[in-house]
Amino acid sequence: MAKKIKLRKWDSAEHLKTDEDCRAYLKACFEEAGDDAAFIAKALGTIARARGMTQLARETGLGRESLYKALSGEGNPSFGTILKVMHAMGMELSLRPSR
């Protein structure tokens, strides 16, 4: 009889332990996303879950449920929401010439 292997869905949030981890993850997502804004929103959602969505809601003044929806990859968050979330996470956008 073969031994059963239990698998579970990968959750990147479980592996984002430090601010450096979060920055590296988001940087990699920006590099991978191309023009896919939903991909970036979902990446921010993953970081938010790793850090605690309730705390992020307090810091941004946005509702927790609204943040879950906006940062799910299925929502359509405003740029203002993205900036609030990034600011609350201690991150900012910067520009550099495209390749």
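## Exercises on a predicted model

In this predicted model, helix α1 gives the largest share of the lining of the largest pocket, six residues.

**Exercise 1. Describe the largest pocket by its volume and by the residues nearest its centre.**

Step 1. The volume of the largest pocket is about 730 Å³.

Step 2. Its lining is made up of 17 residues. Nearest the centre lie Lys27, Phe30, Leu93, Ser94 and Arg96.

Step 3. Of the lining, six residues come from α1, the largest share.

**Exercise 2. Find which residue Asp11 pairs with in a salt bridge, and where in the chain the two residues lie.**

Step 1. A salt bridge here requires a side-chain nitrogen of Lys or Arg within 4 Å of a carboxyl oxygen of Asp or Glu. Asp11 and Arg49 form such a pair, with an N to O distance of 3.0 Å.

Step 2. Asp11 belongs to the segment before α1 (19-33), while Arg49 sits in helix α2 (residues 37-51). The two are 38 residues apart, and the pair links distant parts of the chain.

Step 3. Arg49 has a relative accessible area of 38%, so this residue is partly exposed.

**Exercise 3. Locate the salt bridge between Arg51 and Asp19 and classify both residues by accessibility.**

Step 1. The side chains of Arg51 and Asp19 come to 2.8 Å, N to O, in a salt bridge.

Step 2. Arg51 is in helix α2 and Asp19 in helix α1, 32 residues apart, and this pair too links distant parts of the chain.

Step 3. Buried means under 20% relative accessible area and exposed means over 50%, with partly exposed in between. Arg51, at 32%, is therefore partly exposed. Asp19, at 45%, is also partly exposed.

**Exercise 4. Which residue forms a salt bridge with Glu14, and how many salt bridges are counted?**

Step 1. The partner of Glu14 is Arg8, and their closest N and O atoms are 3.1 Å apart.

Step 2. Glu14 is partly exposed because its relative accessibility is 33%. Arg8 has 65% and so counts as exposed.

Step 3. The count comes to four salt bridges.

**Exercise 5. Work out how the buried residues of helix α5 are arranged and what they pack against.**

Step 1. Helix α5 spans residues 79-88, and its buried residues are Thr81, Ile82, Val85 and Met86.

Step 2. Viewed down the axis of α5, these buried residues fall within an arc of 130 degrees, so they line one face of the helix. In an α-helix there are 3.6 residues a turn, so residues three or four places apart point the same way.

Step 3. Phe79 and His87, on the other side of α5, are exposed.

Step 4. The buried residues of α5 pack against α1, α2, α3 (53-60) and α4 (64-70).

Step 5. Just after α5, Gly90 has a positive phi of about 80 degrees.

**Exercise 6. Is Thr46 buried or exposed, and what is it in contact with?**

Step 1. Thr46 lies in helix α2.

Step 2. The relative accessible area of Thr46 is 7%, so this residue is buried.

Step 3. With neighbours within four places in sequence left aside, Thr46 is in contact with Ser12, Ala13, Leu16 and Tyr25.

Technical notes: Residues numbered from 1 in each chain as written. Predicted model: local features only at pLDDT ≥ 70, side-chain atom pairs only at ≥ 80, totals over all residues. Heavy atoms only, no water. Buried < 20%, exposed > 50% of the residue type's maximum accessible area, 1.4 Å probe, protein only. Helix = DSSP H or I, 4+ residues; strand = E, 2+ residues; numbered from the N terminus. Arc of directions from axis to C-beta. Contact = heavy atoms within 4.5 Å. 1 Å grid on protein atoms, 1.4 Å probe; cavity = no way out; pocket = protein on both sides within 12 Å on 5 of 7 lines; lining within 4 Å. Points joined across faces, edges and corners; volume = space filled by probe spheres on them.
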